[in-house]
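Subject: Structure handover

Hello,

Here is the structure we spoke about. Please open it first, then read the notes below it.

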Amino acid sequence: MNNLLVLPLLIPLCTAVALIFLKEKIAAQRLVSAAGALANLAVCCLIVHQVRERGIQTLHMGGWAPPYGIVFVADMLAALLVLTTAVAGLACLVYAFRSIGESRERNYFYPSFQFLLSGVYGSFLTGDIFNLFVCFEVLLIASYALIALGGTKRQLRESLKYLLINIVSSTLFVAAVAYLYAAVGTLNMAHLAERVAEAGQGGMLNVIAVLFLIVFSLKAGLFLFYWLPGSYAAPPYAVRAVFGALLTKVGLYAIIRIFTLVFVHDPLISHSLIGWMAAATMILGSIGAVAYSDMSRILNYNVVIAVGFIAFGISIATSDALNGVVFYLMHDMIAKALLFLLGGLIAAAAGTDRLQEMGGLIRQYPLIGWMFFVLALALVGVPPLSGFAGKVMIIRSGFAEGAYALAAIGLASSFAVLYSLIKVFRHAFWGIERGPKREIAGLRGQMAAAAGLFVLMVAMGLGSEWVYSFVSQAGEVLMQPEIYIRAVLGR
Amino acid sequence: MEGLMSLCIGILFAVGVYLILSKSLLRIILGTSLLTHSVHLLLMTMAGLKTGAAPLLGEKAKAVVDPLPQALILTSIVISFGVTAFFFVLAYRAYQTLGTDDVEELRGDEDE
């Protein structure tokens, strides 16, 4: 029992409630939301420290022992993702202070932002599958508000589609929970794992597993990503950064959790099917990233490629691959947030999203240019940077396990990432200057947020060895679900 | 009894999916509410429809029906209420701003 675990959920929730009362006082809103984010960052560091020192931490809500009550579980994977969320969330918040505009701030932007974060934290920490659904809804409803806030034509159009696809996937989630409850009669994930192992993962449970895979793939943009490029192009860049960094990763986390803990007994489903979906995602994402000459589309398809790549790691499911998945997931959350923040700065500097109309920004904004360049290398996985360690672990285990085609597609998708991002860099920063020089309002604050993430990303790459010591602890639990089950059920 | 309920749920699901695939935005929203109805009934049905008292301790009955799915359904109902209300308002706002409720005309175009 450890009451600290509820704080990552509780702090943003209380912050959001407090922010609702500060509607007209924008300075106070900023202060309170920043204080909330900082407090949460500190709590998350503490949780990671505790998990490292004392193993998996659990919290029985209301003192009801699992499987009867709701339990919050922080194994190393959840703790690391919660910490990364806190970092990325803080950076996006600071960026939003200077870029989001007063009319949005007056209309509950910050409360929605905090509600979204509390949903994300809840999804990472919960140990109960229906509670996972509720946390998903918390973050989704907040994301509906954020995607529609502002009410431009494009936002309205895209948020209708985003809303519809998520209602359908949530409905399927409830159906999947209903079937699972009928089959094994419990909702606690650790208890589920035990019951599924006892019942043997036959035809019925396989169908349920595939239904869960469909639901989480819709959320994560794994193969079923057709809603993603349009929807993520609608809101302002600060919101896109949160979406690109966090929302798809929550779906991926759910896939990792369910298919390393509960449905682990039939590799045909949990490995082959995810592998095929990963291959299709990487190929289609690469085609999209290479095809467009519109920066926001290119960035959105890069989110898709990364989802495919992480799913490739999940499908290999050796100890090395899962370590790689955890590492790459953390890297990608930070790098994707940074990518969208820099994309926002580029769009603001050039006054457009179209590559043909940009040019010559490097003279006026050298720092943005070189940060973007290094970020592109990090996303590709050039050695001293943070994308390398995860990528090499996943690809290496792909080859070791004989998944040559998948590993080759993974490598090829890196080239698509490189080509598409360097295309953005070349068009935006090189060449002749086009259009009038633009001064970006609040540039310094936005740069501070981006630079903070950038430094962290580089440090994560240089300190891979140190990060790996945490990551391997997370991978160990993923490889041996008994550790998780024992920690939760106390047997 | 479960068989009959399954049939009803199947019909609701089919009608919901059919409505979601239609052109008009209002039909789509109706389709989503039919879908949520069907999964709530599904939750109820999958927990078993055996006879028993309502889950109240004051009833002092020997057997009560499973209370857990009822709590799940209640949670899911309020969530889908909230989302549906938002969907309606969003559709209304989109109709005001975009001047159409035909989803075919809600495609993005290159010049935006």
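Of the 491 residues of chain A, 66% count as buried. Keep in mind that this is a predicted model.

The overall form of chain A comes next. Its secondary structure comes to 21 helices and 2 strands. Taken along the principal axes, the C-alpha atoms of chain A fill a box of roughly 70 × 55 × 40 Å. The radius of gyration of chain A is 21 Å; a compact globule with 491 residues would have one near 23 Å, so the two agree.

Now the contact between the chains. Together the two chains bury about 3000 Å², and 81% of that is on carbon and sulfur atoms.

Start with Ser159(A). It lies in helix H7 of chain A, residues 153–184. Is Ser159(A) buried or exposed? Its relative accessible area is 2%, so Ser159(A) is buried. Leave aside its neighbours within four places in sequence. Ser159(A) is then in contact with Ile147(A), Ala148(A) and Leu90(B). Leu90(B), one of these contacts, belongs to chain B. Ser159(A) and Ser231(A) are 72 residues apart in sequence. In space, their C-alpha atoms are 6.6 Å apart.

Then go to Ser118(A). Its place is in helix H5 of chain A, residues 109–125. Ser118(A) counts as buried because its relative accessibility is 1%, and the cut-off for buried is under 20%. Again leave aside neighbours within four places in sequence. The contacts of Ser118(A) are then Leu9(A), Pro12(A), Leu13(A) and Val138(A).

Last, some backbone details in the loops of chain A.

Where is the cis peptide bond? It joins Pro66(A) and Pro67(A), with omega about 5°. Pro67(A) sits in the loop between strand E1 (57–60) and strand E2 (71–74) of chain A.

Phe223(A) has a positive phi, near 65°, and is a residue other than glycine. Its loop runs between helix H9 (203–220) and helix H10 (228–231) of chain A. Phe223(A) counts as partly exposed because its relative accessibility is 30%.

Ala317(A) also has a positive phi, about 60°, although it is not a glycine. Find Ala317(A) in the loop between helix H13 (295–316) and helix H14 (319–350) of chain A.

Over to you.

Best wishes

Terms used: Residues numbered from 1 in each chain as written. Chains lettered and ligands numbered in written order. Predicted model: local features only at pLDDT ≥ 70, side-chain atom pairs only at ≥ 80, totals over all residues. Heavy atoms only, no water. Buried area = accessible area lost by both parts, 1.4 Å probe. Helix = DSSP H or I, 4+ residues; strand = E, 2+ residues; numbered from the N terminus. Buried < 20%, exposed > 50% of the residue type's maximum accessible area, 1.4 Å probe, protein only. Contact = heavy atoms within 4.5 Å. Rg over C-alpha atoms; globule rule 2.2 N^0.38 Å.
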